[in-house]
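Dear colleague,

Please read the notes with the model open beside them.

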Amino acid sequence: MKCNDVREGTKTRATIETPDQNRAALLKPPTLRDWFRLPLWVQDNFDRMDFNKMCWTLCARKNLNRNHLLIADDDAFKIWCIFNFLSEERYPLVIVTEEIEYFLCKLTEAMGGSWIEEKFEDYRGQLSEGQQCLTAWELIELVGTGHFSKGMDRQTLSMGISEVFQELILDVLKQGYMMKKGHKRKNWTERWFVLQPSSISYYVGEDLTEKKGDIHLDGNCCVESLPDKDGKKCLFFVKCSDKSYEISASDKKKKQEWIQAIQTCISLLKVGRPAPHCEARQKRRELRQKQQAEQEQLELRMRELQTANESKQRELEAMKKKLEDAAASAAEEEQRRLQTQNELEDLYRAEMAKERMVRLQMEEQVAQKSSEVEVYLLRVRELEDMYHRLEEALEDERQARLDEETVRKLQARILEEESAKRLELEQMHLQQQQAITQTRAEKEELERERLAKESALEAAAQQLERLEAERQGALEQYQEVIKKLEDAANNTKSWKDKVAQHEGLIRLIQPGSKAPQKITNWGPAAFTEAELSLREKDWQERKSRTAHPQ
């Protein structure tokens, strides 16, 4: 429970706050806010601890489970007060893990133990991710079951709770036994001193049952060290506006600690700052609020980034769909191109088959002509030796003519292939120009196809160059055949002269006339009609000369 009090003149206003009128929620938070929201005006003698005890009595009866607790009700009440001091300023009241760690660390140090951070991290991990906080009753159960005080007896735990309670709730900054010099009798008496931010109270004993007086501190007070005198050591005095107090500590260390603690209180009073633990609590809360704000900003930024990422993802999916459509179009175009290429290959194979048929026919004709030559050679066995060389020359001439014809056909075929390739290249170039005129997006998507076509164009250009080289080779072969034909013609002419010197019964084999041939008993005649008439005329002249000699 929390009770906020504001000093105004000689009165104290205690504000008791509650949430909405919800009876079910009255049992959850351990605060006075669960009961009513009324400003109560009380006098200066208002005791906040009595008020807290009244609220504790009302709440603990229904909410505190005393089973398995190692602490007394008074210690539970002190933990409850500490919870109200460290809890967050929102409904329902809870204490976050950072404040739990701060309280348990203080408690462990007060018991004389060492704080084990790994053990608390394990406990933090056991809490659910959405519930990183505890209620007042859960905190009492955590401390009362001895989860973080194993190895300590109940008295040590109770003393530790009391020490933390005095520091955080009662604002006790330091306490302990010291000797004080009286103002009237000037004797030295041992007292239990309790230092708070604005006063030093001294009691007969540490049970705080009999209070002997207060030393009120303000910004004008000062504390100074004194030299040893009258058999007293470790002396210092506190000088206030109306009185001065001489005090003797047990040793130099205690003396220095008390002087430093009192000087700290005076300095805080001068600047108007609260107690150190209150200021530290406020700083921790501001730090948590700042971290929470940064976390919310980070979450907002993450949501914005996630929204932007989803938008980008949708854009990428749309772009991917466009790329897939373009790839499908490119695949269809490639399929059409392959189909055209297959048709051209089929046409080329048909042309090759036709050319092979023509070649076979030519070979059959050549074979037929060879058989005719062999028949004719049988008729002229007597001149076999002479005409053998002539036959070879004529055979060379014929073969040269056949080679010439073959080379011409090959050259014509190469020219046709070259024309077809040029036409195909022009078509591919035209297609490429048409593809280039399309949109830039399609140009990027069809870049690979263009590269493929360029490679095909380069391959076709290389093939065209190869065909050009073959055509040049065929032309060279044709020139060689022409040269051989001329040589064969020269040889034929020389053989004609030789044959002319022999009998005229045999004539040289020459390209025959296109006039109808004479048919004899042995087959086609070796003479044409004109040659036969000349020979008949020559025979008549010889016969007349023989019949009428001079």
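A disulfide is taken here as a pair of cysteine sulfur atoms within 2.5 Å, and the structure holds zero of them. Cys-55 is in no disulfide, the nearest cysteine sulfur being that of Cys-59 at 6.6 Å. Cys-55 counts as buried because its relative accessibility is 1%, where buried means under 20% relative accessible area with a 1.4 Å probe and protein chains only.

This is a predicted model, in which local features need pLDDT of at least 70 and side-chain atom pairs count only at pLDDT 80 or more, while totals for chains, interfaces and linings use all residues. Residues are numbered from 1 along each chain as its sequence is written, and side-chain values use heavy atoms, with hydrogens and water left out.

Helix α1 (residues 48-63) and helix α2 (residues 73-86), both DSSP runs of H or I with at least four residues, pack at about 105 degrees with their axes 11 Å apart; axes are lines fitted to C-alpha atoms, for helices over the stretch in contact, and angles run from 0 to 180 degrees between N-to-C directions. The two helices, α1 and α2, are therefore roughly perpendicular, a term that covers 65 to 115 degrees. In contact (heavy atoms within 4.5 Å), Cys-55 and Trp-56 are among the residues of α1, and Trp-80 and Cys-81 among those of α2.

Finally, an open sheet of seven strands (E runs of at least two residues) has the order β9-β8-β7-β6-β12-β11-β10 with antiparallel pairing, where pairing requires at least two DSSP bridges.

Best regards

How values were computed:
Buried means under 20% relative accessible area, exposed over 50%, partly exposed in between (1.4 Å probe, protein chains only). Angles under 35 degrees count as roughly parallel, over 145 as roughly antiparallel, 65 to 115 as roughly perpendicular and the rest as oblique.
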